[in-house]
Amino acid sequence: MGGAVSAGEDNDDLIDNLKEAQYIRTEKVEQAFRAIDRGDYYLDGYRDSAYKDLAWKHGNIHLSAPCIYSEVMEALKLQPGLSFLNLGSGTGYLSTMVGLIIGPFGVNHGVELHKDVVEYAREKLDDFIKNSESFDKFEFCEPVFVVGNCLEISTDSHQYDRIYCGAGVQKDHENYMKVLLKIGGILVMPIEDQLTQITRTGQCTWESKNILAVSFAPLVQQSRADGEKPDTVQLPPVTVRSLQDLSRIYIRRTLRNLANEDSQGKGTVQRVPQKRKRRRCRRRRINTYVFVGNQLIPQTVESEEEEHNEEEHKEVEEEEERDIGDIEILKQVNILRDQIMALPLPESLKAYLLYYREK
């Protein structure tokens with residue numbers, strides 16, 4: 001499934017194409033997509049395919065097409081503080097983007113059938129927290145992943161504001177999914193070859209809307225011998241944050257807001273400049289003819305205008321290289337980190353405020 005938009009050269013290029021095709025329609029969804037590089041969730045050697053609008057699968061690891069994730073993120077209508085359940089959470093790519101929108105006072109849970117995929121998702125999450133430049137620009141709700149079959153969730157589990165299922169749901173499992181949803185909540189799932197948005201409007205009432213024609217692999221039903229009890233999935237508990245954790249959140253928020261106010265007060269907002277598009281110069285050639293023996297041989301000679309264009313072309317390339325250099329310099333500046341490091345605090349506390357990030 002996919003191929004609805006043209007391939008991009010990098011993550012930003014892919015997002016530009018998704019916006020142009022109207023798959024991404026809101027600023028908060030765009031910011032989340034730009035903050036998480038899709039290529040980081042591919043195995044080494046497969047990254048070249050990351051920015052195509054295509055699904056990708058290797059063993060148990062799977063990513064849906066970017067256009068599908070875009071429609072899902074828009075249909076979920078995410079807001080800060082909501083609870084989210086990802087059924088078939090896979091690599092954690094979608095859950096991480098969701099975490100950037102629902103923020104530190106949300107709930108972000110995922111259920112994945114394959115243990116190796118859960119381990120892979122946890123590795124990618126750890127890499128994002130420790131190394132991504134985007135981490136310090138957002139308040140984040142860290143996803144929690146558990147191994148299990150999402151059709152065997154405990155009947156006494158809590159309900160969620162937003163739910164997404166990343167595998168095809170059979171009609172007889174539709175009500176099972178709906179029960180997990182709070183009143184006023186939104187469930188997005190593929191059912192009968194349609195990506196469907198279901199809103200719970202009351203205790204026993206729902207509204208459904210088809211979003212997009214899709215083709216998903218069906219949910220895996222747990223096989224068991226006669227009389228054997230299924231392995232019940234216990235969802236992660238919803239816990240209250242500790243005072244220490246709350247302090248870290250509010251200190252980082254205060255410093256980030258002060259930095260933004262300072263930038264606006266000076267009339268300078270730090271941002272990465274857009275890449276300069278390279279101009280293509282027309283090259284004109286003059287055809288002349290030269291006698292070689294008894295033959296008339298056409299020979300191409302460069303005009304003075306072409307020489308001028310070539311010089312201009314070199315200048316454009318040099319300008320582009322300087323722009324890219326500027327981009328790299330700006331990306332290295334982390335105002336929040338600098339402010340934390342300048343605080344009169346013990347080094348251990350600074351490390352805690354930085355989530356033990358090394359850069």
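Buried means under 20% relative accessible area and exposed means over 50%, with partly exposed in between. Keep that scale handy, since several residues below are placed on it. What you're looking at is a predicted model. On confidence, the chain averages a pLDDT of 84, and 78% of the residues score at least 70.

**Where to be careful**

- Residues 269-306 have a pLDDT that stays under 50, though the model still gives this stretch 56 contacts beyond four places in sequence.
- Residues 324-331 also sit below 50, and here the model has nine contacts beyond near neighbours in sequence.

**The nonpolar cores**

- In soluble globular proteins, nonpolar side chains tend to be buried together.
- The largest nonpolar core here has 54 residues, and the members that touch the most others are Phe 33, Ile 68, Met 73, Leu 94 and Tyr 164.

**A strand pair to look for**

- Strand S8 (residues 194-200) and strand S9 (residues 206-213) run antiparallel to each other, paired over seven bridges.
- Getting from S8 to S9 takes a hairpin of five residues.
- For a landmark across the pair, find Thr 199, which stands opposite Glu 207 in S9.

**Two loop residues with a positive phi**

- Most residues other than glycine have a negative phi, and two residues here go the other way.
- Gln 22 isn't a glycine, yet its phi is positive, at about 70°. You'll find Gln 22 in the loop between H1 and H2.
- Asp 193 isn't a glycine either, and its phi is positive at about 60°. Asp 193 belongs to the loop between S7 and S8, and with a relative accessible area of 55% it counts as exposed.

**Salt bridges**

- Side chains of opposite charge can pair when their charged atoms come close. In this model the count comes to 17 salt bridges.
- One of them links Asp 12 and Arg 34, with the closest N and O atoms 3.1 Å apart. Asp 12 is in helix H1 and Arg 34 in helix H2, so this pair ties together parts that are 22 residues apart in sequence. How exposed are the two ends? Asp 12 is partly exposed at 39%, and Arg 34 is partly exposed at 27%.
- Glu 30 and Lys 19 form another, with their closest N and O atoms 3.3 Å apart. Glu 30 comes from helix H2 and Lys 19 from helix H1, so the two tie together parts 11 residues apart in sequence. Glu 30 counts as buried at 17% relative accessibility, whereas Lys 19 is partly exposed at 34%.
- Arg 47 and Asp 37 meet in a salt bridge too, at 3.3 Å from N to O. Both lie in the loop between H2 and strand S1 (56-58), so this bridge ties together parts 10 residues apart in sequence. Arg 47 is partly exposed at 36%, and Asp 37 is partly exposed at 23%.
- Some bridges share partners: Asp 12, Asp 16, Lys 19, Glu 30 and Arg 34 are joined that way into one network.

- A disulfide is a covalent bond between the sulfur atoms of two cysteines, and a search of the whole structure finds zero disulfides.
- Is Cys 165 buried or exposed? Cys 165 is buried, at 0% relative accessibility.
- Cys 204, on the other hand, counts as exposed at 61%.

How values were computed. Residues numbered from 1 in each chain as written. Predicted model: local features only at pLDDT ≥ 70, side-chain atom pairs only at ≥ 80, totals over all residues. Heavy atoms only, no water. Pairing = 2+ DSSP bridges. Helix = DSSP H or I, 4+ residues; strand = E, 2+ residues; numbered from the N terminus. Core = buried A, V, L, I, M, F, W, Y, C linked by side-chain atoms within 4.5 Å. Buried < 20%, exposed > 50% of the residue type's maximum accessible area, 1.4 Å probe, protein only. Salt bridge = Lys/Arg side-chain N within 4 Å of Asp/Glu carboxyl O. pLDDT = per-residue confidence, 0-100. Contact = heavy atoms within 4.5 Å. Disulfide = S-S within 2.5 Å.
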